[in-house]
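This briefing is for a reader new to the structure. Please look at the sequence and the model, then read on.

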Amino acid sequence: MAYDRSTRNKLRAKYVQGLPLATAAEACKVPYNTARNWKRQDAEEGNDWDIQRNARRMTKSGVEEMANEVLGELAEQFLATLEAVKKDPKMAAAQRADIMVRLMDGYNKAIGAASRAMPNANRLAVAMDVLKFLNIFIAGRFPKMREQFLEVTEAAGDDLVREFSGSGA
């Protein structure tokens with residue numbers, strides 16, 4: 001069955017926003033294999049959905065979500081380790097201090113790595129943040145032009161991804 005471009009774009013948007021590919025396909029009433037083929041074809045053309053998905057994670061809200069996940073996991077491990085240390089009365093103070101230093105070092109490295117891990121996705125995230133800002137700005141100051149802005153933005157979407165994800169720059 002042939003699908004129009006908007007169906008493909010909706011499916012991609014759902015995937016980029018974090019849905020598993022199978023769930024996005026189901027939501028758009030598209031067979032999973034079709035969704036997988038679209039994802040592969042777009043990647044071959046320089047429009048990698050996974051880079052977009054990672055870029056979304058790197059936007060302000062995405063970075064906050066990711067940082068919260070990382071911090072949450074580290075906090076759980078931190079607390080579990082503290083409990084283990086508390087339950088061991090024979091542990092020397094120096095060993096306790098060493099464990100605390102290692103935990104804090106791991107935390108700092110995880111936060112630093114998250115910001116450096118995907119420089120191309122980071123570029124795309126900045127571009128996406130600019131588009132979000134412009135959308136809000138135009139909606140507030142020039143509401144009659146918002147429809148045209150959205151039309152232009154959607155038309156430029158694939159080129160924007162290629163340019164700012166590193167595959168076309």
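By class, 11 nonpolar, six polar and five charged residues make up the lining of the largest pocket. Here Ala, Val, Leu, Ile, Met, Phe, Trp, Tyr, Cys and Pro count as nonpolar, Asp, Glu, Lys and Arg as charged, and the others, Gly among them, as polar. This is a predicted model, in which local features need pLDDT of at least 70, side-chain atom pairs count only at pLDDT 80 or more, and totals for chains, interfaces and linings use all residues. Residues are numbered from 1 along each chain as its sequence is written, and side-chain values use heavy atoms, with hydrogens and water left out.

**Largest pocket**
- A pocket is an open set of points on a 1 Å grid over the protein atoms alone, where a 1.4 Å probe fits, with protein on both sides within 12 Å along at least five of seven lines; lining residues have an atom within 4 Å of a point.
- The largest pocket holds about 750 Å³ of space.
- Its lining has 22 residues, of which Arg12, Met128, Leu131, Thr153 and Gly157 are the closest to the centre.
- Nine lining residues, the largest share, come from α8.

**Helix α8**
- Helices are DSSP runs (H or I, at least four residues), numbered from the N terminus.
- α8 has a kink of about 55° centred on Gly157, the bend being the angle between axes fitted to the seven residues ending there and the seven starting there.
- Phe149, Gly157, Asp158 and Val161 are the buried residues of α8 (under 20% relative accessible area, 1.4 Å probe, protein chains only).

**Helix α1**
- The buried residues here include Arg12 and Tyr15.
- Gly18, with a positive phi near 120°, follows α1.

Terms used
Helix = DSSP H or I, 4+ residues; strand = E, 2+ residues; numbered from the N terminus. Buried < 20%, exposed > 50% of the residue type's maximum accessible area, 1.4 Å probe, protein only. Points joined across faces, edges and corners; volume = space filled by probe spheres on them.
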